[in-house]
Amino acid sequence: MIDADPAQVRSTAQRAGQLDIVRRTSMGMVVALLIQYALGMVVNLYVTVPARDHGGGVLAAIGRAFANGPAALAIHAGLGLLILLGTISLVVRSVLTRRRPVIWLSAVTLLAVLGAASSGAAFVNSSTNGASLGMALLTGVALLCLTVNLYLTGEPGAAPPAVQRTAETRDGTRQDAA
């Protein structure tokens, strides 16, 4: 039981709220990555990247994927950019929770997504199997980190077990608040 001033309780409640956001974001990222993984398999098996799109850097590869298609590749690249933005948001929200394991896992998720994007650009540039394998393996790393994040963030709406609010009665005694 912690006897704390209202500011301390509010700070704990704010971190618990951030933890809920991290949990929801992690779940959304898992779903997005699974969809991206399926799209990546479709692109790898059924789409031929035009020879004129080979060569260049990451930004050039993204631009060519959007401009020249095929549609499955453009959708895959667009979803990849949204996933990248989502993982950046996840890292920021994780930092606000002040839970080191969640911060580290979120940061590794971001690094894995960045690596997968780099491998994706290499795939557009050269269509090599190694680049495709790199995307798949890094997606697996990101999924594993997000799954552990879901485990560490616990049940939705649950307050951290070490925090209990107390209320002061009129006679000055303290009792646990419901």
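I take helices (H or I, at least four residues) and strands (E, at least two) as DSSP runs, numbered from the N terminus. With that settled, I read the elements of the protein chain from the N terminus on as α-α-α-α-α-β-β. That is five helices and two strands.

**Ground rules.** I am working with a predicted model, where local features need pLDDT of at least 70 and side-chain atom pairs count only at pLDDT 80 or more, while totals for chains, interfaces and linings use all residues. I number residues from 1 along each chain as its sequence is written, and my side-chain values use heavy atoms, with hydrogens and water left out.

**Confidence.** I looked up pLDDT, the predictor's confidence in each residue, from 0 to 100. The protein chain averages 81, and 74% of the residues score at least 70. Helix α5 (residues 129-152) has the highest confidence, at a mean of 93, and strand β1 (residues 166-168) the lowest, at 53. I marked two stretches for caution. Residues 5-10 stay under 50, and the model gives them two contacts (heavy atoms within 4.5 Å) beyond four places in sequence. Residues 160-165 also stay under 50, with 10 contacts beyond four places in sequence.

**Whole chain.** I find that 34% of the 178 residues count as buried; buried means under 20% relative accessible area, exposed over 50%, partly exposed in between (1.4 Å probe, protein chains only). Among contacts between residues at least 6 apart in sequence, 69% join residues at least 24 apart.

**α2 against α4.** I then turned to helix α2 (residues 58-68) and helix α4 (residues 100-126), whose axes come within 9 Å and cross at roughly 65 degrees. Axes here are lines fitted to C-alpha atoms, for helices over the stretch in contact, with angles from 0 to 180 degrees between N-to-C directions. So α2 is roughly perpendicular to α4, a term for angles of 65 to 115 degrees. The crossing is left-handed, meaning that the near helix is turned anticlockwise from the far one by less than a right angle. From α2, I list Val58, Ala61 and Arg64 in the contact; from α4, Ala121, Val124 and Asn125. By class, I get four nonpolar, one polar and one charged residues.

**Thr109.** I also stopped at Thr109, which sits in helix α4. Is Thr109 buried or exposed? Thr109 counts as buried because its relative accessibility is 0%. Leaving aside neighbours within four places in sequence, I find Thr109 in contact with Thr87, Ala142, Cys145 and Leu146.

Technical notes: Parallel < 35°, antiparallel > 145°, perpendicular 65-115°, else oblique. Nonpolar A, V, L, I, M, F, W, Y, C, P; charged D, E, K, R; others polar.
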